[in-house]
Amino acid sequence: MSGPHRTAEPTSAPSRDGVTDLVRWAAFSCFLVPVALLWYGASFAGTAGTALGLAAVTGVCRLLLRRSERLAAHPCGGERAGRGGRGRRRRPAARARGGGRHAGENTPVD
């Protein structure tokens, strides 16, 4: 259909989440590596341990990537302003103060 009443077509595919793609490849390798190990004669126990280790590392990496995305999305660098509870509380910076006892170079110290 041509002319002014043509339906709008998307110009590009929707953007994909890079973390999701990364986790998909990691999950694929969690499947592929044990299969390859079994194929080349590794023991079943060793292969199962490898699969569990890869799955654990993949899960932790996914959590850390999602957390870093959430922190990067905050304009304040990840600090939560105005919310009590979980955020860290900062003390005001100590001001430099004059006075006090300062030992000179030739002054004995107690």
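Ala48 is partly exposed, with a relative accessible area of 32% (buried means under 20%, exposed over 50%, partly exposed in between, with a 1.4 Å probe and protein chains only). Ala48 sits in helix H2 (helices are DSSP runs of H or I with at least four residues, numbered from the N terminus). Leu38 is ten residues away in sequence, and its C-alpha lies 9.7 Å from that of Ala48.

This is a predicted model: local features need pLDDT of at least 70, side-chain atom pairs count only at pLDDT 80 or more, and totals for chains, interfaces and linings use all residues. Residues are numbered from 1 along each chain as its sequence is written, and side-chain values use heavy atoms, with hydrogens and water left out.

Now the helix pair. H1 covers residues 18-39 and H2 covers residues 44-73. They pack at an angle of about 175°, with axes 9 Å apart (axes are lines fitted to C-alpha atoms over the stretch in contact, and angles run from 0 to 180 degrees between N-to-C directions). H1 and H2 are therefore roughly antiparallel (angles over 145 degrees).

Which residues meet? From H1 they include Val19, Leu22 and Leu37; from H2, Phe44, Leu54 and Leu65 are among them (contact means heavy atoms within 4.5 Å). By class, the contact has 15 nonpolar, five polar and three charged residues (Ala, Val, Leu, Ile, Met, Phe, Trp, Tyr, Cys and Pro count as nonpolar, Asp, Glu, Lys and Arg as charged, the others as polar).

The model has one salt bridge (a side-chain nitrogen of Lys or Arg within 4 Å of a carboxyl oxygen of Asp or Glu). Glu69 and Arg66 form it, at 3.5 Å, N to O. Both lie in H2, three residues apart, about one turn of the helix. Glu69 is partly exposed at 33%, and Arg66 is partly exposed at 25%.

How values were computed: Helices (H or I, at least four residues) and strands (E, at least two) are DSSP runs, numbered from the N terminus. Angles under 35 degrees count as roughly parallel, over 145 as roughly antiparallel, 65 to 115 as roughly perpendicular and the rest as oblique.
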